[in-house]
Amino acid sequence: MTVVNLTVNGKPVSEETEDRTLLVYFLRDRLGLTGTHIGCDTSQCGACVVHVNGRAVKSCTMFAAQVAGCEVTTIEGLAQDGKLHPVQEAFRENHGLQCGFCTPGMIMTAVDMIRRIPVLDRETIRAELDGNICRCTGYHNIVSSIEDAAKRIAAESKGQAA
Amino acid sequence: MIPYQFVYRRAASLKDAEALLAGSADAKLLAGGQTLIAAMKMRLAQPSELIDISGLKELSFIRAAKDAVVIGAGAKHFEVAGSADVARAIPALARLAESIGDPAVRHMGTLGGSLANNDPAADYPAAVLALNATIKTNRRSIGADAFFTGMFSTALDDGEIITEVSFPIPERAGYAKFPNPASRYAMAGVFVAKTASGVRVAVTGAGPCVFRVPQMEAALAKNFSPGAIADIAIDAVELNSDLHGSAEYRANLVAVMAGRAVAAA
């Protein structure tokens, strides 16, 4: 057993856990943050994507002990003061989700994608979604959502700069 | 899936990692963990301890010299893919790193981890072998030709830790792979490098371990063009055969990928 100290969605967390506990189980079972999903559990589907120190990672393929001292952001941490994140807003308006199971991972991947590549075309978005699977096969609207979100974020940051 | 019990330790330095490794018979190093953790979850691996070296700054660097690019074992795939130094000196290596796994995997996986694991379908071994890179460990330097000894096996001894890899800068280099549509691992990946001393061709994904193709190397040394190797057939005898493709299919893929790699170089 190890006591893991970290920051989750901006709040300090200190929890005792087994060394073998995977981050996704730690988030869901210890912290009750069930927005992060377990899909394939083999690092392929991307339903478990969270951010560690700002970068998208698959939380089914790392141990909670590895993120000691890190800042973790989950889907629950995106909305601020009751206002959806622009990527969440874009998914809602573009019908970017069907059953919704893959959505948290898709959105966390999309936020990271837009941070790294602010100007995105549809081909790049599809390539960047390599590690996220939607079993409703709703990719078309997911791509549209991310394209729209990138534009919203670019407009927002331009507005802030002006 | 839940792995067997183990004890997690975070190494404070390379020296610390060496001491922790020496103090345990069944300890394993944890770098990016993108293969090791998956194997542990399947209960195919049962280390008694994991020694986490992913945070070691001394292993995480990319340095461009006059005739080589030196990359720390802890450099992550996204760092190699995004490095201006690598893109300038060996663009094929940057593109190879960009083609590994998916963005989330590239945020974790490391050069040293990939080489130490030596998965038959991993990308980096092809670059290391074709570019005739030198693998430096905490004890010695190992040439690429001596490093990869077989499926999932390398020349590394117990307690030996890869610290950096020095890639000589080639005149031209190219990499082409045919990824498995589901796993994205290479069904066949070919890295071609041309230097003043000749041409090296290395193949991953098709056989049990990365290998060179001397016949193609000789032909490309005389004439570095896809046409020069168009008629060279690859012997399927020692290639992999599985549900994704027969050995004969892979042999043909190697020839096609080799031509594309030369065209891309």
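Domain bounds, as used on this tour, come from an automatic or database domain assignment. The model is a predicted one, in which local features need pLDDT of at least 70 and side-chain atom pairs count only at pLDDT 80 or more, while totals for chains, interfaces and linings use all residues. Residues are numbered from 1 along each chain as its sequence is written, and chains are lettered from A in the order in which they are written.

Begin by selecting chain B, which is divided into domain 1 (7-52) and domain 2 (59-264); their centres, taken over C-alpha atoms, are separated by 25 Å. The contact between them takes 11 residues from domain 1 of chain B and 16 from domain 2 of chain B, two residues being in contact if their C-beta atoms, placed from the backbone, lie within 7 Å.

Now show both chains: 20 residues of chain B are in contact with 22 residues of chain A. On the chain B side, β1 (7-10), α2 (36-41) and α6 (103-106) each supply at least two residues, and the largest share, 3 residues, comes from α6(B). Helices (H or I, at least four residues) and strands (E, at least two) are DSSP runs, numbered from the N terminus.

Finally, select Arg43(B), in the loop between α2 and β3 (49-52) of chain B, which has a positive phi of about 60 degrees although it is not a glycine. Asn53(A), in the loop between β3 (49-52) and β4 (55-58) of chain A, likewise has a positive phi, of about 50 degrees, without being a glycine.
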